[in-house]
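Thanks for making time, everyone.

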Amino acid sequence: MYFGKKRKTHSSDRVPPNQNVTTKLPVLHAGNVPYYEDISKWNLQIYGLVENPKLYTLDDIMTLFPQVDLSNDIHCVTGWSKLDACWKGIRTQDIVKDINIKENAHYVILHAEEGWTTNLSIEDFLKETSLLAHSFNNEPLTPEHGFPLRGVFPHLYFWKSAKWLRGIQFTEQNHPGFWERNGYHMKGNPWKEERYSFD
């Protein structure tokens, strides 16, 4: 698969095995790209094994939480890596501070538009580098890249960084999401090449 300019193979401690570096941010997704006529109707629900479920508007996301800028490297299961991707948003650690996660919550299911889901361990979700991003390269996310809010979990393959987020569900069991049900790995560690269920 080829994206934009010719990609260079890097032998670097920043690039996982069998990945090629690109300068682009390719657009890959299943289903339609959602467009919002009235963004005030968008919300993000946090629920499941929590004592204080929450429902946030986009204005809440932008004003109630510390806004952070993070630069990281991202790696797609299809074989491309982009170095020094610049995001702005809120840390996952900040959005859960007031919800009181229950002790038996071990996993997180990210819910996106059109019923799309992906699964993470709670440790992956709450990692220091994990972000809910609303901007890329100092500009609001485009619809193709997940406007108004997407996950960014750079230590995992990029399909785990769900676009068009609508829900964050805390669960006891590990439930496979859309791509996981279709043969992708339940974890998705690029350094171990956990691309598919048989890896």
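Predicted model: local features only at pLDDT ≥ 70, side-chain atom pairs only at ≥ 80, totals over all residues.

I'll go from the overall picture to the strands, then the cores, and end with the cysteines.

Residues are numbered from 1 along each chain as its sequence is written, and side-chain values use heavy atoms, with hydrogens and water left out.

Okay, the overall picture. The protein has 4 helices and 11 strands; helices (H or I, at least four residues) and strands (E, at least two) are DSSP runs, numbered from the N terminus. How does the radius of gyration fit a compact globule? For 199 residues you'd look for something near 16 Å, and the protein has 16 Å, which agrees. That radius is taken over C-alpha atoms, and the globule rule is 2.2 Å times the number of residues to the power 0.38.

Buried residues make up 49% of the 199, where buried means under 20% relative accessible area, exposed over 50%, and partly exposed in between, with a 1.4 Å probe and protein chains only. As for contacts (heavy atoms within 4.5 Å), take those with a separation of 6 or more: 66% of them join residues 24 or more positions apart.

Now the strands. E4, residues 68-75, is mostly covered, with 6 of its 8 residues buried. E4 pairs with E5, residues 80-91, in the antiparallel sense over 7 bridges; two strands pair if DSSP finds at least two bridges between them. His-75 sits opposite Ser-81 in E5. The two strands make a hairpin with 4 residues between them, and Gly-79 in that turn has a positive phi of about 115°.

Stay on E5 for a second, as Arg-91 is in that strand. Setting aside residues up to four places away in sequence, Arg-91 touches Val-68, Leu-70, Glu-128, Ser-130 and Leu-131. Ser-130 is 39 residues along the chain from Arg-91, yet their C-alpha atoms are 6.1 Å apart.

Then there's E11, where 5 of 7 residues are buried. E11 pairs with E2 in the parallel sense over 4 bridges, and Phe-170 in E11 is the bridge partner of Gly-48. E11 also pairs with E6, antiparallel this time, over 6 bridges, with Tyr-107 opposite Thr-171.

On to the cores. A nonpolar core here is a set of buried Ala, Val, Leu, Ile, Met, Phe, Trp, Tyr and Cys residues joined through side-chain atoms within 4.5 Å. The largest has 29 residues, and those with the most contacts inside it include Leu-44, Ile-95 and Phe-170. Elements giving at least two residues each to this core include E2 (43-48), E6 (107-112) and E11 (165-171). Apart from it lies another core of 18 residues, among them Trp-80 and Phe-158.

Last, the cysteines. How many disulfides does a search of the whole structure find? The count is 0, taking a disulfide as a pair of cysteine sulfur atoms within 2.5 Å. For Cys-76, the nearest cysteine sulfur is that of Cys-86, 19 Å away. Cys-76 is buried at 8% relative accessible area, whereas Cys-86 is partly exposed at 35%.
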